Amino acid sequence: MSYLTIIYSILEVIILLLIALFVGVLIPGIERKYVHARIQQRIGPPVTSSGLWASIKFLYKENIKPNSPVPGLYKAMPILCFIVVFLVFLALIPFNYNFVLFSSLIAIVGFLKVEEIAYVLMGSLSKSVMSAGLRFPDHVKGAERLGTLTSYLEDISSNRSLRMIAFGSFPLYLALFIPAALSGSIFLGDIIQYQQLHGPFIFTLSGIIGTVVFFIGLMIMLNEYPFSIVKAKADVIDGPYMEFASKYRTYIYVTRGFMIFTLSCLYGVLFLGIAPGLLNLHFILNIIVALIFVLFMGVFSAFSPVFTNKQFYPVVLVSSVIGALAVILGLLI
């Protein structure tokens, strides 16, 4: 491999990353301006307001010391989430297909699991002042237990995040392995090469089912309505994000849009056979896929209430079963 190839690959990664970050910070504004506002029949905020300017604004806000037993680790969680999403995005770029272990579905699932664990740690490491007067257990019932005097709102989010890891993320991970079943390989390069020879998986029955399951898993992974279990209204404001301020809040804004775009690129690789690149129009197609996902996410969330466990578990179970059937169907074809 020549030095020119390495230099070009590094430049390509940098340019693609900048484009992805720019599109990512615009995605929240696009969703609010052109989806939610249109559905609610109002003008809506500027496209640059919700993501771009909000991220810049928080950089200049005063930082606070979080009420946490380990404040350094707590503040590192948004940075860890950004790094994980960046690694997933890096694995999707064709140059990195040479590193087969890095550009495999196993690696991507591992990265996403780390991102999920970060939400559990956020909730367990945050003890916001808003929970200071929350007494537990209920003294009226005479169930007092010595040494357990205060409960924290973030504990709710931590428990829910653990529940999401154990159960809620199944649809997305099953959808990821549908292309593996169809192509007979877990490596991204092989999956793309198979689709270049036989056509995109989206035009197969398993691919259509996988698209639906992937979309449901995408919304669950993003904690988007109606699957916003981690930061539901019972958590008062923002669940595990409660104590983040200043630049750490900026990391959260940037990472969310970046993750939407990255998962859209992942869908393009697995079901359309297109990988992000500068020398072709594939990166434009990745942007179009991201905008389509944002459109459907906005419409779906606008007309859906927040699911409780009574609705959440059956939806996850049904979509997981359908995803598993699609994997089996892919193996049989």
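Me: What makes helix 9 "mostly covered"?
Reply: The count of buried residues: 21 of the 26 residues in helix 9 are buried. A residue is called buried when its relative accessible area is under 20%. The model is a predicted one, and the values here are computed from it.

Me: How do you know what span to expect of helix 9?
Reply: Helix 9 covers residues 247–272, and at 1.5 Å a residue its expected span is 38 Å. From the first C-alpha to the last, the helix reaches 36 Å, which is close to that value. Gly273 follows helix 9, and its phi is positive, near 75°.

Me: Why are Tyr267 and Phe271 called stacked?
Reply: The chain has 15 aromatic pairs. In this one the ring centres are 5.0 Å apart, inside the 6.5 Å limit, and the planes meet at 20°, under the 30 degrees required, so the pair of Tyr267 and Phe271 is stacked.

Me: Where do Tyr267 and Phe271 lie relative to each other in the chain?
Reply: Both belong to helix 9, four residues apart, or about one turn of the helix. An α-helix has 3.6 residues a turn, so residues three or four places apart point the same way.

Me: Why are the rings of Tyr267 and Phe293 called edge-to-face?
Reply: Their centres are 5.3 Å apart, again within 6.5 Å, but their planes are at 75°, over the 60 degrees that sets the class, so the pair is edge-to-face. This pair links distant parts of the chain: Tyr267 is in helix 9 and Phe293 in helix 10 (residues 282–302), 26 residues apart.

Me: Are Tyr267, Phe271 and Phe293 buried or exposed?
Reply: Tyr267 has a relative accessible area of 6%, so it is buried under the 20% cut-off. Phe271, at 0%, is buried. Phe293 is buried too, at 6% relative accessibility.

Me: Which residues do ring pairs link into a cluster?
Reply: The cluster holds Phe214, Phe215, Tyr267, Phe271, Phe293, Phe296 and Phe300.

Me: What makes a group of residues in this chain a nonpolar core?
Reply: Its members are buried residues of the nonpolar kinds, joined through side-chain atoms within 4.5 Å. The largest such core has 66 residues, and those touching the most other members are Phe89, Leu112, Leu176, Phe214, Phe261 and Leu270. Helix 9 gives the most to this core, with eleven residues. Apart from it lies another core of eleven residues, including Tyr119, Met122, Phe244 and Ile252.

Me: Which residues does Leu176 touch, beyond those up to four places away in sequence?
Reply: Leu176 touches Leu105, Ile108, Val109, Leu112, Phe214, Leu266 and Leu270.

Me: Why is Val25 called buried?
Reply: Its relative accessibility is 8%, under the 20% limit, so Val25 counts as buried. Val25 lies in helix 1 (residues 3–39). Beyond its neighbours within four places in sequence, Val25 is in contact with Gly51, Leu52, Ser55 and Val254. The C-alpha atoms of Val25 and Trp53 are separated by 8.7 Å, although the two residues are 28 apart along the chain.

Me: Why is Ser320 called buried?
Reply: At 11% relative accessibility, Ser320 also falls under 20% and therefore counts as buried. Ser320 is placed in helix 11 (residues 309–332). Leaving aside neighbours within four places in sequence, its contacts are Phe170, Pro171 and Leu174.

Me: How many helices and strands does the chain have?
Reply: There are eleven helices and zero strands.

Me: How many of the contacts with a separation of 6 or more come from residues 24 or more positions apart?
Reply: Such residues account for 77% of those contacts.

Methods: Residues are numbered from 1 along each chain as its sequence is written. This is a predicted model: local features need pLDDT of at least 70, side-chain atom pairs count only at pLDDT 80 or more; totals for chains, interfaces and linings use all residues. Side-chain values use heavy atoms; hydrogens and water are left out. Helices (H or I, at least four residues) and strands (E, at least two) are DSSP runs, numbered from the N terminus. The expected span of a helix is 1.5 Å times one less than its number of residues. Buried means under 20% relative accessible area, exposed over 50%, partly exposed in between (1.4 Å probe, protein chains only). Contact means heavy atoms within 4.5 Å. Rings of Phe, Tyr and Trp (its six-membered ring) pair if their centres lie within 6.5 Å; planes under 30 degrees apart count as stacked, over 60 as edge-to-face and the rest as tilted.
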